[in-house]
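Open the model in your viewer and switch to a cartoon view. This tour goes stop by stop, with something to select at each one.

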Amino acid sequence: MVQYTIAQSPEIIITVPGRDSAKAREKAMDQLMQLMDEGKLSTELEEGFSPQQLIEVKEVPMDTTGGEDEITQAVQILNNLATLKLKVQDTRTEALEIRKQVDILFSEKSVTEEEIARLKEGFKVLKNFAQANLRYQEAKAKAEQARQILDSALKSPEK
């Protein structure tokens, strides 16, 4: 089945069997003329109105992919959480060691240029760990909802 309408009266829907084709448009044109003859079409069409001016009405499919998109997004959120967790774990030990060395800067004990150079290099690790840890905490909060979406999708239908 194919449906057509006209720009002048989009509320009028004409349905004909088959697919969009010249033959289907001719049948729709016949129905349109019949509506005009019966006075059911309030719009006056200009001379020269042709079947090519009919507008095919395509049905908008039901949003069945909305749930699937939600599941895909939930999986992506959980995947991101897993990646961030590994990054945090990999850098945690080194970052905590560097954090201990930061206290050297606040003591009266003298330090060497070599110690300061190592500390400055360590700041990069410390910064990367801190940023990854913040992103991990934020992702963890979002992942709770993602986990609920997946749990809901994985439930067996009750009989």
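Predicted model: local features only at pLDDT ≥ 70, side-chain atom pairs only at ≥ 80, totals over all residues.

**Stop 1**

As a general point, strands of a sheet pair through backbone hydrogen bonds, either parallel or antiparallel.

**Stop 1: strand 1**

Now select strand 1, residues 2-6. How many of its five residues are buried? Four are, so strand 1 is largely enclosed by the rest of the structure.

Strand 1 and strand 2 run antiparallel and are joined by four bridges. The link between them is a hairpin of two residues.

Step through the pairs. Val 2 stands opposite Val 16 in strand 2. Gln 3 faces Thr 15 of strand 2. Tyr 4 has Ile 14 as its bridge partner in strand 2.

Next, bring in strand 3, residues 55-57. Three bridges join strand 3 to strand 1, and these two also run antiparallel. Keep Gln 3 selected: in strand 3, Val 57 stands opposite Gln 3.

**Stop 2: Thr 5**

Stay in strand 1 and select Thr 5. Is Thr 5 buried or exposed? Its relative accessible area is 8%, under the 20% cut-off, so Thr 5 counts as buried.

Show the side chain. A polar atom of the Thr 5 side chain lies 2.6 Å from the backbone oxygen of Ile 12. Then show the surroundings. Leaving aside neighbours within four places in sequence, Thr 5 is in contact with Pro 10, Glu 11, Ile 12, Ile 13, Leu 54, Ile 55 and Val 57.

**Stop 3**

Move on to Pro 17. Beyond its neighbours within four places in sequence, Pro 17 is in contact with Met 1 and Ala 24. Draw a distance from Pro 17 to Lys 27. The two are ten residues apart in sequence and 9.0 Å apart in space, C-alpha to C-alpha.

**Stop 4: helix 1**

Which residues of helix 1 are buried? They are Ala 24, Arg 25, Ala 28, Met 29 and Leu 32. Look down the axis of helix 1: the buried residues fall within an arc of 140 degrees, so they line one face of the helix. The general rule behind this kind of pattern is that an α-helix has 3.6 residues a turn, so residues three or four places apart point the same way.

Turn to the face away from the buried side of helix 1. That face carries the exposed residues Lys 23, Asp 30 and Asp 37.

What do the buried residues of helix 1 pack against? Their partners are strand 1, strand 2 and strand 3.

Go to the end of the helix and select Gly 39. This glycine follows helix 1, and its phi is positive, near 80 degrees.

**Stop 5: Arg 25**

Finish in helix 1, with Arg 25. Its relative accessible area is 14%, under the 20% cut-off, so Arg 25 is buried.

Show its side chain and look for two partners. One is Asp 20: a polar contact of 3.0 Å joins the side chains of Arg 25 and Asp 20. The other is Leu 54, whose backbone oxygen lies 2.8 Å from a polar atom of the Arg 25 side chain.

Now show everything around Arg 25. Not counting residues up to four places away in sequence, Arg 25 touches Tyr 4, Asp 20, Pro 51, Gln 52, Leu 54 and Glu 56. Tyr 4 is the residue whose bridge partner in strand 2 is Ile 14.

Conventions:
Residues numbered from 1 in each chain as written. Heavy atoms only, no water. Contact = heavy atoms within 4.5 Å. Buried < 20%, exposed > 50% of the residue type's maximum accessible area, 1.4 Å probe, protein only. Pairing = 2+ DSSP bridges. Arc of directions from axis to C-beta. Polar contact = N/O pair within 3.5 Å; in protein donor to acceptor, adjacent residues only side chain to side chain.
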